[in-house]
Amino acid sequence: MHSMIASFLAFAFGLMFMSALLPGMVVRDTGSALKAAAICGVLSVVVGKLLFAVLSLIFFFPILITGPLGAFVVQTFVNAVLLTITENLVDGVRFQRWRTALWAAVGLTLLQLIASRGVGG
């Protein structure tokens with residue numbers, strides 16, 4: 001439970017932080033970041049796990065060869081897809097291009113990894 005809360009808060013904080021770093025990414029306010037984090041969390045449970053499993057099967061051998069880096073790349077791609085879906089559901093979050101969402105996903109995936117390792121063990 002603590003790792004889920006830490007992941008949620010890291011994601012919301014990460015959205016605000018990444019919007020300050022990335023031109024082409026807009027997060028209107030903290031409320032929008034919290035809504036987006038909640039929606040991405042739900043989408044991650046509903047769609048993200050399935051998408052990760054399918055992509056892991058498709059890219060099994062590259063992931064096997066590259067190890068954790070390959071799994072990180074797949075998770076980043078899944079997060080980019082979830083961010084794009086979230087952008088359509090939350091008014092205050094916008095990405096100018098797909099590439100911007102992908103860079104935001106890289107940062108957010110790193111933050112989630114750090115948050116889950118810090119709290120979970």
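Which residues is Val78 in contact with, leaving aside its neighbours within four places in sequence? In this predicted model, the answer is Gly48, Leu51, Phe52 and Leu55, where contact means heavy atoms within 4.5 Å.

Residues are numbered from 1 along each chain as its sequence is written, and side-chain values use heavy atoms, with hydrogens and water left out.

## Overall architecture

The chain has 5 helices and 2 strands. Helices (H or I, at least four residues) and strands (E, at least two) are DSSP runs, numbered from the N terminus. Read from the N terminus on, the elements follow the order α-β-α-α-α-β-α. The radius of gyration is 14 Å, close to the 14 Å that the globule rule gives for 121 residues, so the chain is as compact as a globular protein of that length. That radius is taken over C-alpha atoms, and the globule rule is 2.2 Å times the number of residues to the power 0.38. Along its principal axes, the C-alpha trace spans about 40 × 35 × 25 Å.

Of the 121 residues in the chain, 38% are buried; buried means under 20% relative accessible area, exposed over 50%, and partly exposed in between (1.4 Å probe, protein chains only). Among contacts in the chain with a separation of 6 or more, 65% are between residues 24 or more positions apart.

## The nonpolar core

In soluble globular proteins, nonpolar side chains tend to be buried together. A nonpolar core is a set of buried Ala, Val, Leu, Ile, Met, Phe, Trp, Tyr and Cys residues joined through side-chain atoms within 4.5 Å. The largest such core here holds 26 residues, of which Phe11, Leu15, Met25, Leu83 and Phe95 touch the most other members. Two or more residues are given to this core by each of helix H1 (2–21), strand S1 (25–27), helix H2 (30–58), helix H4 (68–89), strand S2 (93–95) and helix H5 (98–120). H2 supplies the largest share, 6 residues.

Leu15 illustrates these links: apart from neighbours within four places in sequence, Leu15 is in contact with Met25, Val27, Ala33, Ala36, Ala37, Leu83 and Leu108.

Val78 is placed in helix H4. At 1% relative accessibility, Val78 counts as buried. The C-alpha atoms of Val78 and Ser44 are 8.5 Å apart, although the two residues are separated by 34 residues along the chain.

Thr86 also has its place in helix H4 and is buried, with a relative accessible area of 1%. Beyond neighbours within four places in sequence, Thr86 is in contact with Ala36, Ile39, Cys40 and Leu43.

Ser56 belongs to helix H2 and is buried, with a relative accessible area of 18%. A polar atom of the Ser56 side chain lies 2.7 Å from the backbone oxygen of Phe52. Leaving aside neighbours within four places in sequence, Ser56 is in contact with Ile63 and Val74.

## Strand S1

Val26 lies in strand S1. Not counting residues up to four places away in sequence, Val26 touches Ser19, Gly92, Val93 and Arg94. The C-alpha atoms of Val26 and Leu50, 24 residues apart along the chain, are separated by 28 Å.

## Aromatic pairs

Rings of Phe, Tyr and Trp (its six-membered ring) pair if their centres lie within 6.5 Å; planes under 30 degrees apart count as stacked, over 60 as edge-to-face and the rest as tilted. By this rule the count comes to 2 aromatic pairs.

| Pair | Centre to centre | Angle between planes | Arrangement |
|---|---|---|---|
| Phe13 and Phe17 | 6.0 Å | 15 degrees | stacked |
| Phe77 and Trp98 | 6.1 Å | 75 degrees | edge-to-face |

Phe13 and Phe17 are 4 residues apart in helix H1, so about one helical turn separates them. Phe13 is exposed at 51% relative accessibility, while Phe17 is partly exposed at 43%. Phe77 lies in helix H4 and Trp98 in helix H5, so their pair ties together parts that are 21 residues apart in sequence. Phe77 is partly exposed, with a relative accessible area of 36%, and Trp98 counts as partly exposed at 41% relative accessibility.

Terms used:
Predicted model: local features only at pLDDT ≥ 70, side-chain atom pairs only at ≥ 80, totals over all residues. Polar contact = N/O pair within 3.5 Å; in protein donor to acceptor, adjacent residues only side chain to side chain.
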